[in-house]
Amino acid sequence: MDRLAFLLATGLARGAIFALFALSLVLIWRAARIINFAQGAMALVATYLAFAVTGMTGSYAAGLAAGILGGAAIGWVVERGVMRHAPHSTPLAGVIVAIGLVMVLQSLLGIAFGPQYRPMAAPFDETPIFVGGVPLLSPYDIFVLVVALGVMGLLALLFTRTALGLQLRASAFAPEVSRMLGVRVGRMVTIGWMLSAAVAALAALLLIPTELGLNPHSTDMLFVYAFTVAVVGGLDSPVGALLGGLTVGVVMSLITGYLGSTVAPIGVLVLLVVVLLVKPGGVFSMREARTA
Amino acid sequence: MKRVFPRLTGTRRVLVFAGILTLLAIGGTFLLDPFRNFQLATAAAYLCAVGGLTLLIGLSGQLSLGHAALMAAGGYGYALTSNALTDAGVDGVVRFAVALVAGVVAASLLGLLLGLAGARLRGPYLAGLTLALVIALPAFTSVFSAVFRGDQGVQTAYSPVPEFLNRLIALEQWQAWVAIGVASVTTTALVLVRRGVGGLRMRAVRDDETAARVNGVAVRRVKVTAFTVSAAAAGAGGAVLCFVTQSVSPGGYTLAFSLLLLVAAVIGGLGSIGGAALGAVIIVVLPWLLNVLAGALELPTELEQRLSGNLSVLVFGVLLIIVMLVRPTGLAGSWGVRRRTKSTHTSADAELGFTASADRMPGSDQAPNRQSPASTTGTTSNPSKQFLAQER
């Protein structure tokens, strides 16, 4: 029972990170109708940047800020430099270009930093607090939950309560009409990419201290999890990303806890197949069919 | 090519040309040293998988990032059957043939399952699902390590050169012959599928599912068939690779390898089997060439270690992006376009499916955008007219 409570609690913390990363996929999806397969690699570049800044200044906050800003900058570069020029007539072209980007970024990181794992220190204690004799969340897990939920809240405010959010939504849902009404759709798409890449960088920054460390492939699994979350939650829905993220986090935590970590990727695969076969629109989405 | 033997047409023409190319390739092995022959055998094995992948993406419009896993299924099917037959005292050609068929069947079954899931999905979702599959492969082999032997993989018995050829050729050359044989059968089958009614239906589904359905094409069945055929080809490639290297392990079929197959298909030109051959040779030769170059520069050891592996991935990534942005038809596209504009009115873009899909891309909440001026005034054409043009 203690173990179950512990697994559920850590699953929630891990799930918040997955949800955050999935939210970044949803942001790009809504802005540009692309599933960005390069999101993990882009976030990883930002994480290396944060790692370097923290190493130089000794301050976690400076690294965090640098990582998030760096993430936004990468989003800008990728959108303006590459993605904007991909043929938009088919979703496959965007996916293939993004995969090319993954290969470029990961190999550049590998050439620059080598294949070894660089441990990243967490800003808070990672040993769980005991509540009534049951080990639950660690202070770092609480920090993760607060940051993730806070960022999601801020994004919700941005999208529903500000003029910029209105323009972002308008250009995502009806680009032609928005353009006629004076919304600079191209700029909105760029802003969407920057926001999304910054959120993804934050998610990677939160995750990596709990994992083995920083390595050119350390976000591969995060992307697969987040993709699963986006599929479970429905790509159009930020709320779906949150609920899906928490669900996948808890399920994965239970699988890892009871069956071992080697089984986790199989668990993801089974979850994906089941959701896609039973409810291809996503569990938390009301939409009928999934169209690319 | 049309000018050579103009009286030969249809399936017979394909078979004759396949025979000539195979004989040329087999003759070519006499000019190569053992290492080159080994590379040739590897390229032939890759060709099976790349051919399957290019058919899947270029013709049916389904993107798979998991063809390495399908190759692995073929490899494991081959290795396990081959070992079982060795224990039963069977060897030689019979063992190879039965094990090859087992590998192809194993990959086809996995492909059928994926295809059933994929038939309900479009591009990016299927890509994500197959990505998860290839990432889960090491987990599968270690969870079922009693059968698949974990990271270590399965070793197969050594297959020597048959006695009547023993004096004439070395082992590597024999392996190249077998690989070329399997690759030629596989690619010929793929070419026939591409030319036939099946290929026509796949293009119909790719260009406009609704129009295809209205014209009586069973969309889901076509998609599942495409995936299964593609998986069978990949399985043959995996089986041949296992025959050449005498082992199969999850370390050989990583995500990176899967992406390499995609690179080969894209660089060669999606949908083109000739392009697939070009792509398969490039993904074998270029990494080796880059390694040789990096070795010749006498770099510091640490830098050289970091460059090895990464440099070729970097080059391939850049190539992938450039080809996709600048020339989505790939290397095979150039003369393909010229030929096609002469005979029919379909553009290379239409061949690749880069038209007509524009208006069904967004989700259901974008209904007003479906008939946006950009997509209707563009290259969207009447699909049925296109099929008629391509049928000739």
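This is a predicted model: local features need pLDDT of at least 70, side-chain atom pairs count only at pLDDT 80 or more; totals for chains, interfaces and linings use all residues.
# Briefing on chains A and B

A:Arg33 is a buried residue, with a relative accessible area of 6%, and its place is in the loop between helix H1 (2-32) and helix H2 (39-57) of chain A.

**Chain B as a whole**

- Chain B contains 17 helices and two strands, and 53% of its 392 residues are buried.

**Helix H1 against helix H7 in chain B**

- Helix H1 (residues 10-28) and helix H7 (residues 171-195) of chain B pack with their axes 10 Å apart and at an angle of about 160°, and because an angle over 145 degrees counts as roughly antiparallel, H1(B) is described as roughly antiparallel to H7(B).
- The crossing of these two helices, H1(B) and H7(B), is right-handed.
- On the side of H1(B), the contact is made by B:Gly10, B:Thr11, B:Val14, B:Leu15, B:Ala18, B:Thr22, B:Ala25 and B:Ile26, while H7(B) contributes B:Trp177, B:Ile180, B:Ser184, B:Thr188, B:Val191, B:Leu192 and B:Arg195.
- Sorted by class, the residues of the contact of H1(B) with H7(B) comprise nine nonpolar, five polar and one charged.

**Helix H2 against helix H8 in chain A**

- The axes of H2(A) and H8(A) come within 8 Å and cross at roughly 65°, and the crossing is right-handed.
- From H2(A), the residues A:Gln39, A:Met42, A:Ala43, A:Ala46, A:Thr47 and A:Ala50 meet A:Trp193, A:Ser196, A:Ala197, A:Ala200, A:Ala201, A:Ala204 and A:Leu205 of H8(A).
- This contact of H2(A) with H8(A) has ten nonpolar and three polar residues, and no charged residues.

- Most residues other than glycine have a negative phi.
- At 21% relative accessibility, B:Gln246 counts as partly exposed, the cut-off for buried being under 20%.

- B:Gly103 is found in helix H4 (residues 92-118) of chain B and counts as buried, at 0% relative accessibility.
- Leaving aside neighbours within four places in sequence, B:Gly103 is in contact with B:Ala73, B:Gly74, B:Gly77, B:Tyr78 and B:Gly235.
- The C-alpha atoms of B:Gly103 and B:Thr81 are 8.1 Å apart in space, while the two residues are 22 residues apart in sequence.
- A:Val185 lies in helix H8 (residues 185-207) of chain A and is buried, with a relative accessible area of 5%.
- With neighbours within four places in sequence again left aside, A:Val185 is in contact with A:Ser171, A:Pro175, A:Ser178 and A:Arg179.
- One of these partners, A:Pro175, is ten residues from A:Val185 in sequence and 6.4 Å away in space, C-alpha to C-alpha.

Terms used. Residues are numbered from 1 along each chain as its sequence is written. Chains are lettered from A and ligands numbered from 1 in the order in which they are written. Side-chain values use heavy atoms; hydrogens and water are left out. Helices (H or I, at least four residues) and strands (E, at least two) are DSSP runs, numbered from the N terminus. Buried means under 20% relative accessible area, exposed over 50%, partly exposed in between (1.4 Å probe, protein chains only). Axes are lines fitted to C-alpha atoms, for helices over the stretch in contact, and angles run from 0 to 180 degrees between N-to-C directions. Angles under 35 degrees count as roughly parallel, over 145 as roughly antiparallel, 65 to 115 as roughly perpendicular and the rest as oblique. A crossing is left-handed if the near helix is turned anticlockwise from the far one by less than a right angle, and right-handed if clockwise. Contact means heavy atoms within 4.5 Å. Ala, Val, Leu, Ile, Met, Phe, Trp, Tyr, Cys and Pro count as nonpolar, Asp, Glu, Lys and Arg as charged, and the others, Gly among them, as polar.
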